[in-house]
Amino acid sequence: MTWLSWLTGITRPRETYHIDSIHTDSLGISHVRAYRRYKGVEVYGSDVIFHADKVKERFNGAVAALETDIDVIPNVSAEAAIEMAKGDLQQHVTIRELSPAEKELLDYKTPVCSLMLFNKERDDFRLTWQVT
């Protein structure tokens, strides 16, 4: 991951980025997809892709500057976040329980919550729950 350090100025890229996938296509170009983590929490929208072959290297993505100390301990539980999301959603649409066949088709069991850092404004990161 020295390429990431060279491109971004991040001194410890192995601790800062998580490699999501690596593959080489039929043209011999290797593609490395990674996303930013801060204190173990994913930074929303921080996906980067590094493309390399024998001739050149390319980089796609944005590098988020997380220079301030951000608290990653949530004030709201995952369960409460799911209930708040359901409440907000119910104001706009009707929510119904999926049938067992629909759940199987969608590979869905229950709402899932994960912590994320969301860049609300320019370099103003907020800890939030992503509910899917």
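# Briefing: pocket, salt bridges and backbone

Arg 33 sits in strand β2 (helices, H or I with at least four residues, and strands, E with at least two, are DSSP runs numbered from the N terminus). At 33% relative accessibility, Arg 33 counts as partly exposed (buried means under 20% relative accessible area, exposed over 50%, partly exposed in between, with a 1.4 Å probe and protein chains only). This is a predicted model: local features need pLDDT of at least 70, side-chain atom pairs count only at pLDDT 80 or more, and totals for chains, interfaces and linings use all residues. Residues are numbered from 1 along each chain as its sequence is written, and side-chain values use heavy atoms, with hydrogens and water left out.

**Largest pocket**

- The largest pocket has a volume of about 410 Å³.
- Of its 16 lining residues, the closest to the centre are Lys 86, Ile 95, Arg 96, Tyr 108 and Pro 111.
- Helix α3 supplies the largest share of the lining, 4 residues.
- By class, the lining divides into 8 nonpolar, 3 polar and 5 charged residues.
- Ala, Val, Leu, Ile, Met, Phe, Trp, Tyr, Cys and Pro count as nonpolar, Asp, Glu, Lys and Arg as charged, and the others, Gly among them, as polar.
- The search runs on a 1 Å grid over the protein atoms alone: a pocket is an open set of points where a 1.4 Å probe fits, with protein on both sides within 12 Å along at least five of seven lines, and lining residues have an atom within 4 Å of a point.
- Grid points are joined across faces, edges and corners, and the volume is the space filled by probe spheres set on the points.

**Nonpolar surface patch**

- Leu 89, Val 93 and Ile 95 form a nonpolar patch on the surface.
- Together they have about 240 Å² of accessible area (Shrake-Rupley method, 1.4 Å probe, with only the protein chains shown counting as cover for residues).
- Patch members have over 30% relative accessible area and no salt bridge; nonpolar side chains (Val, Leu, Ile, Met, Phe, Trp, Tyr) are joined within 5 Å, like charges within 9 Å.
- Ile 95 lies in the loop between α3 (78-90) and α4 (100-106).
- Ile 95 is partly exposed, at 38% relative accessible area.
- Ile 95 is also among the residues closest to the centre of the largest pocket.

**Salt bridges**

- The structure holds 6 salt bridges (a side-chain nitrogen of Lys or Arg within 4 Å of a carboxyl oxygen of Asp or Glu).
- Side chains of opposite charge can pair when their charged atoms come close.
- One of the bridges joins Asp 69 and Lys 39, at 2.5 Å from N to O.
- This pair links distant parts of the chain, 30 residues apart: Asp 69 is in the loop between β5 (57-61) and α3, Lys 39 in the loop between β2 and β3 (41-43).
- Asp 69 is exposed at 65% relative accessible area, whereas Lys 39 is partly exposed at 48%.
- Another bridge joins Lys 86 and Glu 83, with the closest N and O atoms 3.7 Å apart.
- Lys 86 and Glu 83 are 3 residues apart in helix α3, so about one helical turn separates them.
- Lys 86 is partly exposed, with a relative accessible area of 35%.
- Asp 124 and Arg 126 also meet through their side chains, at 2.9 Å from N to O.
- Asp 124 is partly exposed at 25% relative accessible area, and Arg 126 is partly exposed at 39%.

**Positive phi**

- Most residues other than glycine have a negative phi.
- Lys 39 has a positive phi of about 50° although it is not a glycine.
- Asp 107 also has a positive phi, near 50°, and is a residue other than glycine.
- Asp 107 is placed in the loop between α4 and β6 (113-121).
- With a relative accessible area of 63%, Asp 107 is exposed.

**Separations in sequence and space (C-alpha to C-alpha)**

- Arg 33 and Ile 82 are 49 residues apart in sequence and 29 Å apart in space.
- Leu 27 and Lys 109 are 82 residues apart in sequence and 39 Å apart in space.
- Leu 27 is in the loop between β1 (17-24) and β2 (30-38), and counts as exposed at 70% relative accessibility.
- Phe 50 and Ala 81 are 31 residues apart in sequence and 34 Å apart in space.
- Phe 50 belongs to strand β4 (residues 48-52), and counts as buried at 8% relative accessibility.
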